[in-house]
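Thanks for coming, everyone. I have one structure to go through today. Please look at it before I start.

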Amino acid sequence: MDFENTSKSALGLSKSHTVLLRDVAQLSVGYPFRNTCVPGEGGTLACFLRDVGSDGSLNVDALRRVEDVKPNGSHLAVAGDIVFRSRGGSFVSALVPVLDEDLLVVAPMIRIRVNRERVLPEYLVWYMNGANGAAFFKEFAKGSAMPLISKTVLEQMPVKLPNLRVQQTIADLVKLSRKEHEILAEIVKQKNLILETEISKYLESL
């Protein structure tokens with residue numbers, strides 16, 4: 001979705017202002033395992049670094065359960081919270097969907113819980129995963145082999161905030177654009193399948 005060609009006056013971006021992330025959200029580092037985590041079917045549903053894709057999606061189907069954990073409230077995420085992949089060079093945020101239970105956020109992941117009176121989580125995910133977030137992370141990431149964005153640094157991230165109505169408009173446009181890409185990808189997939197089938201039929205007839 002090319003927002004550069006979208007009228008700023010139409011979106012109301014001229015009335016936006018910049019705040020620090022810490023002013024509109026509570027950030028907390030995930031659960032720190034003292035020892036190796038123990039998988040278990042009856043354990044707590046957990047989110048690790050690998051569960052957040054580069055496209056900003058949370059792979060719910062791949063989430064594992066872990067045993068013998070005693071998290072406090074700051075380690076648990078609910079629908080509408082954001083999980084941030086803070087290590088590895090690909091700094092990506094993902095929105096937590098509606099689940100049947102709370103989700104354990106595992107360190108070094110960072111849980112972000114927004115003040116919904118000021119910012120929509122869908123808008124913040126888009127903003128953090130976009131050019132503004134990438135520029136900030138590139139400047140302030142520490143380390144070379146496994147770059148890291150700490151909670152303290154992330155709290156200082158500037159966020160441009162239009163009003164909630166405009167945030168919702170942007171979030172809706174992003175959702176529609178993503179759906180469009182999914183539909184186009186499926187069309188290409190089906191076309192290739194049809195082509196392969198027809199070619200196979202032709203080769204069999206020779």
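Start with Val 24 and its contacts, meaning heavy atoms within 4.5 Å. Leaving out residues up to four places away in sequence, Val 24 touches Val 19, Val 114, Asn 115, Arg 118, Val 119 and Leu 161. This is a predicted model: local features need pLDDT of at least 70, side-chain atom pairs count only at pLDDT 80 or more, and totals for chains, interfaces and linings use all residues. Residues are numbered from 1 along each chain as its sequence is written, and side-chain values use heavy atoms, with hydrogens and water left out.

Val 24 sits in helix α2, residues 21-24. Helices here are DSSP runs of H or I, at least four residues, and strands are runs of E, at least two, numbered from the N terminus. Is Val 24 buried or exposed? Val 24 is buried, because its relative accessible area is 1%. The cut-offs: buried is under 20% relative accessible area, exposed is over 50%, partly exposed is in between, with a 1.4 Å probe and protein chains only. Now look across to Ile 183. Val 24 and Ile 183 are 159 residues apart in sequence, and 34 Å apart in space, C-alpha to C-alpha.

Next, strand β9, residues 110-114. Of its 5 residues, 4 are buried. Which strands pair with β9? Pairing needs at least two DSSP bridges between two strands. Strand β2, residues 25-29, pairs with β9 in the antiparallel sense over 5 bridges. There, Ala 25 stands opposite Val 114. Strand β6, residues 82-85, also runs antiparallel to β9, joined by 3 bridges. In that pair, Phe 84 faces Ile 110.

On to the cores. A nonpolar core is a set of buried Ala, Val, Leu, Ile, Met, Phe, Trp, Tyr and Cys residues joined through side-chain atoms within 4.5 Å. The largest has 29 residues, and those with the most contacts inside it are Leu 21, Phe 84, Ile 112, Leu 124, Met 128, Phe 137 and Leu 154. Helix α3 gives the largest share of this core, 5 residues. Another core lies apart from it, with 13 residues, including Leu 58 and Val 83. Take Leu 124. Not counting residues up to four places away in sequence, Leu 124 touches Leu 21, Ile 82, Ile 112, Val 114, Val 119 and Val 159.

Now the largest pocket. A pocket is an open set of points on a 1 Å grid over the protein atoms alone, where a 1.4 Å probe fits, with protein on both sides within 12 Å along at least five of seven lines; lining residues have an atom within 4 Å of a point. The lining has 26 residues, with Gly 56, Leu 95, Val 174, Lys 175 and Arg 178 nearest the centre. Which helix supplies the largest share? That is α6, with 10 residues.

Two backbone details. Ala 107 and Pro 108 are joined by a cis peptide bond, omega about 10°. Pro 108 is in the loop between β8 and β9. Asp 68 has a positive phi of about 55°, although it is not a glycine. Asp 68 lies in the loop between β4 and β5, and is exposed, with a relative accessible area of 69%.

Last, the overall picture. The protein has 6 helices and 10 strands. Of its 206 residues, 37% count as buried.
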